[in-house]
Amino acid sequence: MSRVVKKTPSVCTDMPLNNAEVCAKLHLMKELLRSCYGPTGRLKHIRNNIGGRVTTSSSSSVLLPALSSSQPLLNLIKSSILNHISRFSDCGLFAAIFCLSLLEHVRQHELRENLAIKVNKHCLSLCTSYLQREDCACRVKVNFCSSQNLMTLAGSIISSKPACLLTEAEKHHISTMVVRAFLQTIPCSTPGPVTLGHTVTVTIVGLRVLDSAVFPGLLVEMYDPFDQTDSSSGPLRTVLFSTSLAGDLAELGDGTIEVDPDVDTDLQVLNQLLELGKQLVEDEVRLCVCQKVIHPVLQQYLRSHGVVVLERLGMALMEPLSMLAGTQPVATLHARILSTAYGRVKNLSTKQFGFKTMLHLQPEGEAAVCTMVLCHRNETMLDELKVVCQKAEHGLRLTLKEPSALLGGGCTETHLSAYVKHKLFLLLQGQQEASESAAGLGCSPAEFLLGVKVFCRSLDMVARSLEHDGGTSVIDLNHAHHWTVSAGATKEDMVGGLGLCGCGLVENSPSTKWTFLNTEYAEFCPAPLLGDSCRKPTVLDSFTAKVNALQVAVETANLVLDVRYIIEDVN
């Protein structure tokens, strides 16, 4: 009883957003994520304070899981952003920065929490309805008759992660690979409902980035030597096992097994495995693949009869191989294998990548399965390259559901901000309508105006986060697109010296009027670009991912603003 410690009462924190320590942690997280945003974002090294693996990245999908905090509000925001990333892969940093900026600006302007929640919902509704409109000036249609927009979208995602350390030629090569892999996973002549295929990613350390390639079919790492004479050029009958063929009893599950002392269990199991092997030989199986381990005696028996044996496939490759070969995974060795469980592979060959030897399984028909082999000079760069390529391919897949993209480079954020301000101005012109809208939100017109200002400044903050070298951000007063200006630049330097905007659609001209993004400026209606312009955007964001990130950021900020008490069990 002397070791029993009296239970400590739970700690209750009232109005956490009024707590200086909580706000300091939220600000620190915002600044940390802001510094990672965009192509020139700064990398972060994250390590546990007691040691362990060092994580180097600027990607939210890598950084957020590696960050640990005892602050419940931070964990709430982190979980919300990670849930968005798990579904859409992209725009995690955008959602996090916008959410944290909303919280910070609400506190700085001393806006009532319940009012901020209502105004945020109102502004979010304006943004989402505008983005869904056909005449939205920051929305670009993705034309699948040309690969240009697909290449731009993939290249924009890949360029946004500086930890990959890619040259322009390497960025173009990787972007082309990602688009090619995406297109190969789309079935062309499949009747009925269309099911997208799989892209399997294989990483090779030590080779050049330009050695990366995409292959139709599946590349599987080999642990045993493969004799080309073991296979023929014709289709190979294939069987796939999801259960262990090592001779253990793991698949029988938990419980007590009664064994006669005179029975040799190892011999009995081995005989059963050999009976299975005889059936495979009789059924003219030429390729035997197992997710787990195959008993050495069974391997020897199958190989002696010309069967190619591949073990330790792993769970991740089971579904792609099943789709490629048309097999049904066999989950037991205690029943005869049905003929419908077999599949076919067109042929086998080996490919060498550095120190890895890969077995190449090619589909007999259209299988919509491909393998993307990624190479880089060291492991850190390769890990980041793998993450960003998977993110880019997911972004391309999202265009199948919604064939649109949004302008990148901060232009969508500044354009939306100007649009919301203009809609508010039109509302305030009608004094009666403004009063009714404010009354509907339970506030005065001045408070309503302040809430909209907080929302727009938070959007502008995301665009400003793209600059990390001491410069500042400006927008033009015609289209409300975003430019970055180097530190110390004057208005004379801005005339004719800014080139193209962040997304690459608008070109600077002597008649262009500018304003700095962090200053007050008169509202204006952002003008759409001329439809006959031959210039194409050079930076695009995933439409589906960004719209959802916008919603997640506002809803998460509103949830945090609605928290009144935090009760923590400190035992």
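**Close-up views of aromatic rings**

**View 1. Arg139 over the ring of Phe543.** In this predicted model, Arg139 lies over the face of Phe543, at a distance of 4.7 Å from the ring centre.

**View 2. Lys546 over the ring of Phe94.** The charged end of Lys546 sits over the ring of Phe94 and is 4.9 Å from the centre of that ring. Phe94 itself is buried, with a relative accessible area of 3%, which is below the 20% under which a residue is called buried.

**View 3. The pair of Phe94 and Phe98.** The model has 5 aromatic pairs in the count used here. In the pair formed by Phe94 and Phe98, the ring centres are 6.1 Å apart and the planes stand at 25°, so this pair is stacked, since planes under 30 degrees apart count as stacked. Both residues belong to helix α4 (residues 92-108), where they are 4 residues apart and therefore separated by about one helical turn. Phe98 counts as buried, at 0% relative accessibility. Ring pairs also bring in Phe455, so that Phe94, Phe98 and Phe455 are linked into a cluster.

**View 4. The pair of Tyr130 and Tyr419.** The ring centres of Tyr130 and Tyr419 are 4.0 Å apart and their planes are at 20°, so this pair is stacked as well. Because Tyr130 lies in helix α5 (residues 113-132) and Tyr419 lies in helix α12 (residues 411-429), the pair ties together parts that are 289 residues apart in sequence. Tyr130 counts as buried at 5% relative accessibility, and Tyr419 is buried too, with a relative accessible area of 9%.

How values were computed:
Residues are numbered from 1 along each chain as its sequence is written. This is a predicted model: local features need pLDDT of at least 70, side-chain atom pairs count only at pLDDT 80 or more; totals for chains, interfaces and linings use all residues. Side-chain values use heavy atoms; hydrogens and water are left out. Rings of Phe, Tyr and Trp (its six-membered ring) pair if their centres lie within 6.5 Å; planes under 30 degrees apart count as stacked, over 60 as edge-to-face and the rest as tilted. Helices (H or I, at least four residues) and strands (E, at least two) are DSSP runs, numbered from the N terminus. Buried means under 20% relative accessible area, exposed over 50%, partly exposed in between (1.4 Å probe, protein chains only). A charge sits over a ring if NZ of Lys or CZ of Arg is within 6 Å of the ring centre and within 35 degrees of the ring normal.
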